[in-house]
Amino acid sequence: MAADKYFELEIVCPDRVFFQGEASMIELNTTEGQVGIYKRHIPMTMILDPGLLIIKDDEGQRAAALHEGFIEILPDKISIMAEAAEWPNEIDLNRAEEAKVRAERRMQMHDSNINLTRAELALHRALARIDASRRG
Amino acid sequence: MASMRDIQRRKNSITSTSQITKAMKLVSTVKLQKTKERAENSRPYFQYMYNTVTSMLARSGSLDYPYLKSGASEKKAVVVITSNRGLAGGYNSNVTKLVTGSSLKKEDVLLYTIGRKGRDSLEKQGYQVAEDYSDVINAPLFSDAKRIGQRLLEDFAEERVGEIYLAYTSFKNTVVHEPKLMKLLPVEFSEAELSVEEAKTPMNYEPSEEEALDIIIPKYLASLLYGALVEAAASENGARMQAMDAATSNAEEMIDSLTLQYNRARQGSITQELTEIIAGAEAIS
């Protein structure tokens, strides 16, 4: 049964409800690595890493960039609380490329004034944006 | 009876005041629209975050986690969100009254103020201010909420404060704003909620439960602060709009009654002049 594989999906950001609807599968990045989630997953809470989010249903798939947050998985419902999320058409590719180069430079400078984890996070965010915008 | 000149002068000054209040009303109406939209857009996140975190904690049962119990310190942190500017009716004083009227003892309270008005009036009453973030209230960003949340968590972790409260004005609709005092940390959830939720399947965490909570709790705190900030901003503009509307209509009323008085005085002076002229003419003839 086709309808049976759909679960409820909610993606909420502080400034808007990013996505609300049904999907058959989602792929995203967590701190533990990349995961793909189908319906009837065991209840699980995971922490997100900035990365590409792919929402699949019968009509195809949609890509988006997802930054920081966490995901709560229940067998028939998935809620994602993200600090920011963007569809490909909202992303400025040039800015993302610039941010990527900037973050890479910062990481190579070995300067004690620069927070390495912050630079790394910025790099991840930039990569997520670039990925999503190429897929869009 | 006051002279025509005096009445005219008062009328003019009230007219110019009413022009100012009218302009301020228009400005806050526009600002209200913007801030209201933001408050409404952020509400789902605020709500989901609260529900998710409470159900998460309920599901994980009796967990020995520092953010779930009061710290050793007697001090209580209170985040007070007011506005930087006055002329907003009872908006600021309602929030400060909430703090002074609460069961929190003045000596135990450590304030983290957002908004100059609240800070000034509470400081005058002898409350201790730990940190002031008044610059963020005009255009609250999520990163501001994150920064403030981080500071609060640090103070909580280092036992400078034992509990964290939040006093702000919640935005129900354009005319109803309700001052609220809520407890942020330790996280509280009602017993009823717990028993219903506990029947459900237990939650798994990846990475471990503690690590997950370490990341989620700061986000929870930041999102609650952000929600409070945008709601307070909307309430502020709503309150100011109402106050200015009332001021404008009061001014109009006063102008009306002054116009009446002025006309009477004018008529009185004309009558007086006439009687004088007639009396003079009669004296000559």
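Glu83(A) counts as buried because its relative accessibility is 13%; buried means under 20% relative accessible area, exposed over 50%, and partly exposed in between (1.4 Å probe, protein chains only). The model is predicted: local features need pLDDT of at least 70, side-chain atom pairs count only at pLDDT 80 or more, and totals for chains, interfaces and linings use all residues. Residues are numbered from 1 along each chain as its sequence is written, chains are lettered from A and ligands numbered from 1 in the order in which they are written, and side-chain values use heavy atoms, with hydrogens and water left out.

The side chain of Glu83(A) meets that of Lys219(B) in a salt bridge of 3.0 Å, N to O. This pair crosses between chains, from helix α6 of chain B to strand β8 of chain A. A salt bridge is a side-chain nitrogen of Lys or Arg within 4 Å of a carboxyl oxygen of Asp or Glu. Helices (H or I, at least four residues) and strands (E, at least two) are DSSP runs, numbered from the N terminus. Lys219(B) is itself buried, because its relative accessible area is 9%. Salt bridges that share partners join Glu68(A), Glu83(A), Arg125(A), Lys146(B) and Lys219(B) into one network.

Over all chains, the structure holds 21 salt bridges. Another one links Glu90(A) and Arg16(A), with the closest N and O atoms 3.1 Å apart. Glu90(A) lies in the loop between β8 and α1 (93-108) of chain A, and Arg16(A) in strand β2 (residues 16-23) of chain A, so the pair ties together parts that are 74 residues apart in sequence. Glu90(A) is partly exposed, at 37% relative accessibility. Arg16(A) is partly exposed as well, with a relative accessible area of 27%.

Strand β8 (residues 77-86) of chain A has eight of its ten residues buried, so it is largely enclosed by the rest of the structure. Strand β1 (residues 7-13) of chain A runs parallel to β8(A), joined by five bridges. Here Leu9(A) stands opposite Ile78(A). Strand β7 (residues 60-74) of chain A pairs with β8(A) in the antiparallel sense over nine bridges. Two strands pair if DSSP finds at least two bridges between them. A hairpin of two residues joins β7(A) to β8(A), and Leu74(A) stands opposite Lys77(A).

Chain B has an open sheet of five strands, in the order β3-β2-β1-β4-β5, with mixed pairing. Its edge strands are β3 (128-132) and β5 (177-185), each pairing on one side only. The twist averages 25° from one strand to the next. Helix α6(B) packs on the sheet, touching β1, β2 (109-114), β4 and β5 of chain B, and its direction makes about 35° with that of β4(B). Contact means heavy atoms within 4.5 Å. Axes are lines fitted to C-alpha atoms, for helices over the stretch in contact, and angles run from 0 to 180 degrees between N-to-C directions. Strands β1 (residues 76-81) and β4 (residues 163-171) of chain B pair in the parallel sense over five bridges.
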